[in-house]
Amino acid sequence: MKKLKKIISLLASAALLFMLPGAGTLTASAEEPVSYYVKYHTEDKEWRFQIGSAWDDQGAHRELYYMQQDIKDGDIVIIDGNGDLNITLNVRLSNLTLTNASTIVVGTNGIDSCYILGGSRAAVNGDITNAYVYDASSVTFNNNISTLQILGSSDINANVTAAGSVGHLIGRDNNTTYYDLYNIAQGKLVVENGSLKTSEEHYSTTPSSSGQTASQPVTQESASQTQPAQTQTTQASSSQTSGQASADEYDDVPKTGDSNLVLYLTVAGAVCLLASYALRKFPADSV
C-alpha cells in the first residue's frame with residue numbers, strides 16, 4: 001500500500017508541476033546577425049572571407065561559396081579591396097558596406113543599410129532602405145531606394161545612377177546641403193561628380209503625403225567601423241514599434257504564455273481528488 005501511495009503521489013506532483021504557469025514552455029530568441037568580411041587575397045589571387053567585422057591577416061579564411069551557403073537574412077557583409085567580383089547573395093542583408101573596392105557587382109534580395117566608401121566602384125542589386133555614398137565613389141543602384149544620401153567632408157564628388165526610383169535624395173557635406181529632393185522617377189537619377197543632372201520634371205522639392213524622412217549621416221570612418229551595432233539598434237527599435245501597434249490592435253486576444261490561475265487550480269484540484277479516490281479503492285492489506 002505504501003508503494004502505491006508513493007506512485008500516486010509522484011504522479012500527482014508531476015501533473016501539478018506540468019500545469020504551473022510557464023512550465024513546459026521554451027523561450028525562443030532571435031539569432032544574432034553574422035558579419036562576413038570579404039577581402040581580395042593577393043597570395044591566393046581570389047576573394048576570401050572571414051567571420052567578423054575586421055580582417056585578421058593572421059586568421060583563417062575560406063572560399064566565398066561557403067559564405068553563400070551559410071548566409072541568412074539580416075546578416076552583414078563588408079567587401080574590401082581591389083579586384084573584379086560578381087557575387088549573388090540570395091538573402092536580405094541588414095548591412096552591406098563596400099570600402100576601397102573596385103569593379104564589384106553584388107546581388108541581394110534587399111538591403112536595410114548600404115554604405116559605399118573609399119572611392120569604391122560598384123553595382124548593387126536589390127531594394128535598399130537607406131543608401132550612403134561617400135566622396136569619389138561611383139555606384140549604380142539597379143532597384144528602388146527609400147533614402148539616398150550623397151556625402152562628403154568639404155564637398156561631394158560621387159557618381160551615382162539609379163535604375164529604380166528614389167524616395168528621398170540628399171546631397172551634402174559637413175557645411176552645405178546642395179540638394180534635398182523627393183520622388184525621383186524610376187531610372188532618372190543621374191549624379192556626376194556630386195552634381196545633380198536629373199531634369200526638374202522627374203523629381204519634387206517637397207515630400208509626398210507619406211512623409212519621407214532621412215536618417216542622420218555618419219562619417220566615413222564610423223560607417224566602416226560601427227555599422228553592425230547601429231543596424232541591430234535600428235532593427236530593435238523597429239521591432240519594438242511594430243510590437244506596440246500589434247498590442248493595441250489585439251489587446252482583447254489572450255497572449256501566449258499568459259497565466260490563468262483559476263484554470264490551473266481547478267485542474268490541480270481535480271488531479272488531487274482523483275488521486276484520493278484511487279487510494280480509497282484499495283484496502284490497506286491489498287498490497
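The tour goes from the whole chain to the sheet and then to the cores.

A word on the ground rules: this is a predicted model, where local features need pLDDT of at least 70 and side-chain atom pairs count only at pLDDT 80 or more, while totals for chains, interfaces and linings use all residues. Residues are numbered from 1 along each chain as its sequence is written, and side-chain values use heavy atoms, with hydrogens and water left out.

**Whole chain.** Colour by secondary structure: you have four helices and 17 strands (DSSP runs numbered from the N terminus, with H or I of at least four residues for helices and E of at least two for strands). Of the 287 residues, 35% are buried, meaning under 20% relative accessible area with a 1.4 Å probe, protein chains only.

Next, pick out the open seven-stranded sheet, which runs 5-7-9-11-13-16-17 with mixed pairing; strands pair if DSSP finds at least two bridges between them. Select 85–88 (strand 5) and 195–196 (strand 17): these are the edges, each with a single partner strand, so one side of each has no neighbour in the sheet. Now take 138–141 and 159–162, strands 11 and 13, which pair in parallel over four bridges. Thr 140 has Thr 161 in strand 13 as its bridge partner.

**The cores.** Show side chains for Ile 79, Leu 96, Phe 141, Leu 148 and Val 160, which touch the most other members of the 44-residue largest nonpolar core (buried Ala, Val, Leu, Ile, Met, Phe, Trp, Tyr and Cys joined through side-chain atoms within 4.5 Å). Apart from that core lies another of five residues, including Tyr 115 and Leu 151.

Methods
Buried < 20%, exposed > 50% of the residue type's maximum accessible area, 1.4 Å probe, protein only.
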